[in-house]
Amino acid sequence: MADVTLEALLEEGRTFAPSAEFVRDALVHDGSLATAADADVEAFWAAQARDLLDWDQDFHTVLEWDLPYAKWFVGGKLNVSYNCLDRHVAAGHGAQVAFLWEGEPGDARAITYAELLAEVCRTANALRALGVEKGDRVALYLGMVPELPIAMLACARIGAAHSVVFGGFSADSLRDRIKDADAKLLVTGDGAWRRGSVVPLKEIADEAMAEAPSIERCLVLRRTAHEGVPMQDGRDVWWHDVVASQPSECAPVPMDAEDLLYLLYTSGTTGKPKGIMHTTGGYLTQVAFTHKYVFDLHPDTDVFWCTADCGWVTGHSYIVYGPLANRTTSVIYEGTPDHPDKDRFWSIVAKYRVTTLYTAPTAIRTFMKWGTEYPDRHDLSSLRLLGSVGEPINPEAWVWYWQHIGGGRCPVVDTWWQTETGAIMISPLPGATVAKPGSATFPLPGIGAEIVNDEGDAVSIPGGGYLVLTQPWPSMLRGIWGDPERYRETYWSRFFGRYFAGDGAKRDADGYYWLLGRVDDIMLVAGHNISTTEVESALVSHPAVAEAAVVGKTDETTGQAVAAFVILRSGNEASHRLVGELRDHVAEVIGPIAKPKSVLFAEDLPKTRSGKIMRRLLRNVAEDEALGDTTTLADPNVVAGIKARYLADAPDDEE
């Protein structure tokens, strides 16, 4: 929401009520869910768990809460894969399409629930044949192909936890995640298509595995069929050689509600990625609940498209687990919105008659920049609901989305949640909530949230501060893999007894929540959490760099962009060539999403007398704001010199 001041937010007067036609068919059109949750929150979640899922063994206790550790649906047993597949096939829905997959080159597949179940069983049997057992961790490093959710579900079927690593990450990032999880097997591909070129996944994976001794076997999918894919005897096997010959039946393993379902790594302020732990019963309950009610799901008629990648939590919760648990027909797309032309999204919406589109504000702002000619080429009349995810959306982008993509008839659900929360936490219910452009509106039924000041006191309305969650929720993270103390320190130490999300927020006079982005050393770039420490470490690993500091700065397209301030080692000269080299170096070490948009060479950085870099002042520089108090600096002249140079040089460093 970078282009909107606090005053403008709190004065946003436009409201958008759902149409009478939408309300007539909506699953929720009043406050009944909230009333039930407010009356008895544990009974509310127990009812959702039993209504939405099939249990092999019923739970005897809804919640055990030992701050900061929660156990939900204690004593219950179930299998996630069974709930996503078998029960729908058994109920006569095997012929319903589960995934409509569109490859970037134009190839396509329609996979029914019966076909998906058979393929998941074959893959689960193949994983077992390769030595994977219940409790093992399996790393997945693939593009957006059907085999990615298939592999996720296969792991869930046999009780192995998966760790999906985004296919745009570097070998170093993949290696670190494999090592932290102690993963036994890696599933990857020969390559992935992106903008007409092949991303060499296997070569990147080989570099990572060279320093990840826990990997015993590597299962390789042939996707691009490019030449010269290296295969190591005794370790690497082709998917088509191993999976296709397996039986199409594999009994699902009953899992305890608190058994680990997956690890997903997110950036940490210390630089080391955090392995977020999500378990089985509570997670599946809440993703099914939120997918059903936030998106007003009608499984017999809706075609749902979440445009995220399964490398992020949005893909886990709203491409795979939530939609499949609810028997949804979903679209998966392999490529980017601008290949082969800038209307690719809209051609897919029209081709598959998508009814629900869930995408990121970064994409929406990009579409705005491209203009209406691209959506105008296609019939988007099938759409009936729009969603936004990943970062705050500014009001004008919200209105553009509603008007030009939704035709002025589709409610927009602006959703706030995190990798750590597992599922949507704050969002409109589209048939019951009057929306305000740019506001996520209110916490969902069963969710406790408030905004507090530095002392932890709830702020008055209107007002702003830190967003905290006040009570446990079923899909909450169960900890950080291998580091329980870091879990406590990261999320529960700032405000006693409450989960601190790391985001700033405001409430207006009507009580609506407005999310304002990160308040710590995490940058939110195009909806992805990027650690300042990770980027700084990558920059300093370049032989020309002596020291670096990184901040997030406002960007009209990506929400935030990475701004880097660099001190060079002696003997190195500042140049535009070196700017490009450093940007590419960060992309290589972490991934293209972390590439700095601007790089400024400085003689020194603003530091306190104790040597701490004052990134607040660098943010002021990057945003061209008043510097504020500089009295704690060892040399107050440093930051003034940086600002003068930044204003003169920074535009030349940007793409």
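**Close-up views of a predicted model**

**View 1. Surroundings of P462.** P462 sits in the loop that runs between β21 (449-452) and β22 (463-469). The model shown here and in the views below is predicted. I461 and P462 are joined by a cis peptide bond, with omega about 0°.

**View 2. A cis bond at P68.** The bond from L67 to P68 is also a peptide bond in the cis form, its omega being near 5°. P68 belongs to the loop between β1 (61-66) and β2 (69-74). For context, most peptide bonds are trans.

**View 3. Backbone of F73 in strand β2.** F73 lies in strand β2. This residue is not a glycine, yet its phi is positive, at about 55°. Its relative accessible area is 0%, so F73 counts as buried. Most residues other than glycine have a negative phi.

**View 4. Backbone of D624.** D624, likewise not a glycine, has a positive phi of about 55°.

**View 5. The largest nonpolar core, seen around Y321.** This core comprises 116 residues, and L116 and Y321 have the most contacts inside it. Helix α7 (residues 147-158) supplies the largest share of the core, nine residues. Beyond residues up to four places away in sequence, Y321 touches V80, C84, M152, L153, A156, H162, L261, Y262, Y283, L284, V287 and H316. In soluble globular proteins, nonpolar side chains tend to be buried together.

**View 6. D343 and its contacts.** D343 is placed in the loop between β17 (329-333) and α13 (344-352). Its relative accessibility is 13%, and because buried means under 20%, D343 counts as buried. With neighbours within four places in sequence set aside, D343 contacts P337, Y374, R377 and H378.

**View 7. Crossing of helices α8 and α9.** The axes of α8 (residues 171-181) and α9 (residues 201-209) come within 8 Å and cross at roughly 50°. The two helices are therefore oblique to each other. The crossing of α8 past α9 is right-handed. On the α8 side the contact involves A171, L174 and R175, which meet I204, A205, E207 and A208 of α9. Sorted by class, this contact has five nonpolar and two charged residues, and no polar ones.

Key: Residues are numbered from 1 along each chain as its sequence is written. This is a predicted model: local features need pLDDT of at least 70, side-chain atom pairs count only at pLDDT 80 or more; totals for chains, interfaces and linings use all residues. Side-chain values use heavy atoms; hydrogens and water are left out. A nonpolar core is a set of buried Ala, Val, Leu, Ile, Met, Phe, Trp, Tyr and Cys residues joined through side-chain atoms within 4.5 Å. Buried means under 20% relative accessible area, exposed over 50%, partly exposed in between (1.4 Å probe, protein chains only). Helices (H or I, at least four residues) and strands (E, at least two) are DSSP runs, numbered from the N terminus. Contact means heavy atoms within 4.5 Å. Axes are lines fitted to C-alpha atoms, for helices over the stretch in contact, and angles run from 0 to 180 degrees between N-to-C directions. Angles under 35 degrees count as roughly parallel, over 145 as roughly antiparallel, 65 to 115 as roughly perpendicular and the rest as oblique. A crossing is left-handed if the near helix is turned anticlockwise from the far one by less than a right angle, and right-handed if clockwise. Ala, Val, Leu, Ile, Met, Phe, Trp, Tyr, Cys and Pro count as nonpolar, Asp, Glu, Lys and Arg as charged, and the others, Gly among them, as polar.
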